[in-house]
Amino acid sequence: MIYADAHADTFYEAALKGHDPRAEGSPLHINLPRMRRANQRLQVCSVFTPARYCGIEATSFADRIIDCIDANVGVDFAKVGSRKDLERVAKASSLRIGLIPWLEGASPLAGDMAKLDEFFARGVRGIGLTHNHRNEVADGCGCAEPRNGLSDFGRKLVGEMERRGIAVDCAHLPQPAFDEVMDLIKRAPCISHTGCRALVGIVRNADDAMLRSIAERDGFIGIDFYPGHVLGDAFKPGTRRATCEDVAAHVLHAIKVAGIEHVGIGSDFDGFEDTCADLKHLGDIDNLQRTLGAHGLNDSALERIFGANLLAYLERVLP
Ligand SMILES: [Zn+2]
């Protein structure tokens, strides 16, 4: 079985803290030896920009993370920018693991469409339109209500991303902007990393209507491993620690609502510190596979969830 992950902050952490993503002993959740053991073929690399950066500062911050991705490309990693590249890294014989730079929040574009071409040239093939805060595209899920939907720039951006083969990622995107994107979009959208709101009722998690909207448009939903998304009041004193059982419940719910072909993993590893008890890093991924198997997912379903669905989605979107 191959493994592919739709969202992790590994290279953000590596760029900021100087950790080596290729070293076994690095404090990162994801590192090369663990990727090899998981038979990982592809990692979508979050290019996250904290809220304190905007305009040109956000652009250069994002460039710094992409520099770090580029510095690791070579013997072990290859950048994936097209369906052809994807095919290459998906092969069992490939020695190199695919990496796709992916903006988490559109603030590095600084409201300037010319920057879309610059980031495309640097290999960016997906953009999460917002993070929690407001940016030039829309209000993020952390903004108070009533939230503003898509700006004129945001509406134009969706069309320009689709034209180039850049995935439109609705993680962190609340309503009404989410619904506006669904009305506008012509190609398959995704929610790269989320939990299910039916199980943990926070705005950050996708509700059933959102899950269905993504599935109806032949899109992809990645379930993440952040305890706060998969277990209610996860960090309140007295709450038990989240486990693979909680993550599995969200995977199973998403499958029930959106269908087995639209669900996968967007771990969010290296994007948080307090992990699920038995999913502390990529080396624990077997625990989640076993848990989902025990809940009745057969081998072909597991293959889809842990990699095949994400690769199939990217094949529908990439140039
Ligand atoms: Zn995120």
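These legends walk through several close-up views of a predicted model. Local features are described where pLDDT is at least 70, side-chain atom pairs count only at pLDDT 80 or more, and totals for chains, interfaces and linings use all residues. Residue numbers start from 1 along each chain as its sequence is written.

**View 1. The largest nonpolar core has 101 residues.** A nonpolar core here is a set of buried Ala, Val, Leu, Ile, Met, Phe, Trp, Tyr and Cys residues joined through C-beta atoms within 7 Å. Buried means that 20 or more other C-beta atoms lie within 10 Å of the residue's own, exposed means 12 or fewer, and partly exposed falls in between, with C-beta atoms placed from the backbone. Look for Cys45, Ile65, Leu173, Ile221, Val247, Val251 and Ala254, the residues with the most contacts inside this core. Helix H10 (residues 244-258) supplies the largest share of the core, nine residues. Helices (H or I, at least four residues) and strands (E, at least two) are DSSP runs, numbered from the N terminus. In soluble globular proteins, nonpolar side chains tend to be buried together.

**View 2. Strand S4 (residues 97-104) is largely enclosed by the rest of the structure, because eight of its eight residues are buried.** One side carries Ile97, Leu99, Pro101 and Leu103, and the other carries Gly98, Ile100, Trp102 and Glu104. In a regular strand the side chains alternate between the two faces of the sheet. Two strands count as paired if DSSP finds at least two bridges between them. Strand S2 (residues 40-48) runs parallel to S4, joined by seven bridges, and Cys45 has Pro101 as its bridge partner in S4. Beyond its neighbours within four places in sequence, Cys45 is in contact (C-beta atoms, placed from the backbone, within 7 Å) with Ala8, Thr10, Phe11, Ile69, Leu99, Ile100, Pro101 and Trp102.

**View 3. S4 takes part in two β-α-β units, one with S3 and one with S5.** Strand S3 (residues 77-79) and S4 run parallel with three bridges, and Phe77 is partnered by Ile97. With helix H4 (residues 83-90), these two strands make a right-handed unit. Right-handed means that, with the strands pointing away from the viewer, the path from the first strand over the helix to the second runs clockwise. Strand S5 (residues 126-128) pairs with S4 in the parallel sense over two bridges, with Glu104 opposite Gly128.

**View 4. Strand S8 (residues 220-223) is covered on both faces.** Phe220 and Gly222 are buried on one side, Ile221 and Ile223 on the other. S8 pairs in the parallel sense with strand S7 (residues 190-194) over three bridges, and Thr194 has Ile223 as its bridge partner.

**View 5. Helix H1 (residues 10-17) packs against helix H3 (residues 56-72) at an angle of about 100°, with their axes 9 Å apart.** That makes H1 roughly perpendicular to H3, a label for angles of 65 to 115 degrees; under 35 is roughly parallel, over 145 roughly antiparallel and the rest oblique. Axes are lines fitted to C-alpha atoms, for helices over the stretch in contact, and angles run from 0 to 180 degrees between N-to-C directions. Phe11, Tyr12, Ala14 and Ala15 of H1 meet Arg64, Ile65, Cys68 and Ile69 of H3. Asp67 also lies in H3, and counts as exposed because it has 12 C-beta neighbours inside 10 Å.

Key: Two residues are in contact if their C-beta atoms, placed from the backbone, lie within 7 Å.
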